[in-house]
Amino acid sequence: MFGGYSLYKNGMIFGLISDQELYFKADLDTAKFFQAAGSEQFAYESRGKKIKMCYWKVTAEVLENQELLRKWFDKAYDASLNQSAKRKNSQIS
């Protein structure tokens, strides 16, 4: 896997740090939001293949704006909560 750090809130992974870059978790809706804002999807190489993960780079513009950073954080945390809820529902079925 990648060599980085995971970021948690209330036991939920909402982000990661890799190569001194901050990335936030995304689901389908938030990925579109992050991409439209000029973000790049996190990817790493493994055995000659590029592996993309559901994390998007927090841009410099966002890092410099506390209000935008909070908005992005909220979207990332919500994506984590949504993913967890989907997993629990699929285990029940």
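# Close-up views of charged and aromatic side chains

At 28% relative accessibility, E21 counts as partly exposed; this class lies between buried, under 20% relative accessible area, and exposed, over 50%, as found with a 1.4 Å probe on protein chains only. The model is predicted, with local features requiring pLDDT of at least 70 and side-chain atom pairs pLDDT 80 or more, whereas totals for chains, interfaces and linings use all residues. Residues are numbered from 1 along each chain as its sequence is written, and side-chain values use heavy atoms, without hydrogens or water.

**View 1. The protein chain has 3 helices and 5 strands.** Along the sequence, these elements follow the pattern β-β-β-α-β-β-α-α. Helices (H or I, at least four residues) and strands (E, at least two) are DSSP runs numbered from the N terminus. Of the 93 residues in the protein chain, 32% are buried. Among contacts (heavy atoms within 4.5 Å) between residues at least 6 apart in sequence, 48% join residues at least 24 apart.

**View 2. A salt bridge joins the side chains of K57 and E21.** The N to O distance is 3.7 Å; a salt bridge requires a side-chain nitrogen of Lys or Arg within 4 Å of a carboxyl oxygen of Asp or Glu. This pair connects distant parts of the chain, with K57 in strand β5 (residues 49-57) and E21 in strand β3 (residues 21-25), 36 residues apart. K57 is partly exposed, its relative accessible area being 22%.

**View 3. R70 and D74 form a salt bridge.** Their closest N and O atoms are 3.3 Å apart. Because the two residues lie 4 residues apart in helix α3 (residues 66-92), about one helical turn separates R70 from D74. R70 is partly exposed at 48% relative accessible area, and D74 is also partly exposed, at 32%. The structure holds 2 salt bridges.

**View 4. K25 is buried yet has no salt bridge.** This residue is found in strand β3. The nearest side chain of opposite charge, D27, is 9.6 Å away, where Lys and Arg count as positive, Asp and Glu as negative, and His and the chain ends are not counted. A polar contact of 2.9 Å joins the side chains of K25 and Q83. Such a contact is a pair of N or O atoms within 3.5 Å; within protein, one must be able to donate a hydrogen and the other to accept it, and residues adjacent in sequence count only if both atoms are side-chain atoms. Leaving aside residues up to four places away in sequence, K25 touches several residues, including I13, F14, F34, Y55 and S80.

**View 5. Aromatic rings form 9 pairs.** F24 and F73 make an edge-to-face pair, 6.4 Å centre to centre with 70 degrees between the planes. F24 belongs to strand β3 and F73 to helix α3, 49 residues apart. Both F24 and F73 are buried. F42 and Y44 form a tilted pair, 6.2 Å centre to centre with 35 degrees between the planes. Rings of Phe, Tyr and Trp (its six-membered ring) pair if their centres lie within 6.5 Å; planes under 30 degrees apart are stacked, over 60 edge-to-face and the rest tilted. Ring pairs link F14, F24, F73 and Y77 into a cluster.

**View 6. The charged end of K9 sits over the ring of Y77.** The distance to the ring centre is 4.6 Å. A charge sits over a ring if NZ of Lys or CZ of Arg is within 6 Å of the ring centre and within 35 degrees of the ring normal. The charged end of K75 likewise sits over the ring of F33, 4.5 Å from its centre.
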